[in-house]
Amino acid sequence: MYGIWIYRKQSEDIEAITDNIGKLRNIPCSTCTIYTDLPDSRIAWHAMKKEIEGSHGYLYLTSLQAAGDTPGEAARELIWLSRQNFLTKIMDCPSTLAAADHTANAAALLGITDALNLFPDRTAFGQAHTGKGGRPRIHYPDNWEDLFAEWTAGNITASYFMKSCGLKKGTFYHLIQEYKTSLEIFREIQNIPQK
């Protein structure tokens, strides 16, 4: 049996994906799971990756930007996706929609990855890095989830958490609030019954 997974950012519509899935009616699917993240969050993305690794089926992304906040991050995720046993379909990348087998799908993903690697990693999608404007967005450090779990369990102090992440107090508490909101939304989505 195959699974179908859909990943989107909260602001992105999934109508085009559901139309595309309608074309797969002859394929026996055991599950259809939708993962949704806040625009600046990756919690559902990481949970989805854990679930789908080693699975067979179809992963639909509402956009290339859903794969990562920067071209460099999206490129790293597309490399990971190209090594999986499922077909990844990205709604704004026609080459992935046309790929009918794993070899063609992996080639399409790696071709997109090559194009993404032409941009600097710190440049956000759709924005030129001009050096002007506000402060750059602070992203969660790689060890954030482990430290957050330790902190909420009372095993480490907030001060230790901040030092381990290299964050100032205001930034730290801003990220904590944002992360808690993302976790609440993710838990609500997980409790939606499957059809």
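How many of the 8 residues of strand β1 (residues 2–9) are buried, and what does that say about how the strand sits in the rest of the structure?

Reply: In strand β1, 7 of the 8 residues are buried, so the strand is largely enclosed by the rest of the structure. Buried here means under 20% relative accessible area, while exposed means over 50% and partly exposed lies in between (1.4 Å probe, protein chains only). Strands (E, at least two residues) and helices (H or I, at least four) are DSSP runs, numbered from the N terminus.

The model is a predicted one, in which local features need pLDDT of at least 70 and side-chain atom pairs count only at pLDDT 80 or more, whereas totals for chains, interfaces and linings use all residues. Residues are numbered from 1 along each chain as its sequence is written, and side-chain values use heavy atoms, with hydrogens and water left out.

The partner of β1 may be taken next. β1 pairs with strand β3 (residues 57–61) in the parallel sense, over 5 bridges; two strands pair if DSSP finds at least two bridges between them. Within this pairing, glycine 3 stands opposite glycine 57 of β3.

β3 also pairs in the parallel sense with β4, again through 5 bridges, and leucine 61 stands opposite isoleucine 90 in β4. Strand β4 (residues 86–90) is mostly covered, with 5 of its 5 residues buried. Phe86, Thr88 and Ile90 point one way from β4, Leu87 and Lys89 point the other way, and all are buried. Together with helix α3 (residues 71–82), β3 and β4 make a right-handed β-α-β unit. Right-handed means that, with the strands pointing away from the viewer, the path from the first strand over the helix to the second runs clockwise.

Helix α2 (residues 43–52) holds alanine 44, a residue that is buried at a relative accessible area of 0%. The C-alpha atom of alanine 44 lies 9.5 Å from that of lysine 9, although the two residues are 35 apart along the chain. Other buried residues of α2 include Ile43, Trp45, Met48, Lys49 and Ile52. Glycine 54, which follows α2, has a positive phi, near 85°.

These parts belong to a protein with 8 helices and 4 strands, in the sequence pattern β-α-β-α-β-α-β-α-α-α-α-α. Of its 195 residues, 46% are buried. A contact means heavy atoms within 4.5 Å; among contacts between residues at least 6 apart in sequence, 69% join residues at least 24 apart. The whole structure contains 0 disulfides, a disulfide being a pair of cysteine sulfur atoms within 2.5 Å.

Confidence is given by pLDDT, the predictor's score for each residue from 0 to 100. The mean for the protein is 78, and 74% of the residues reach 70 or more. Over residues 128–133 the pLDDT is below 50, and this stretch has 2 contacts beyond near neighbours in sequence.
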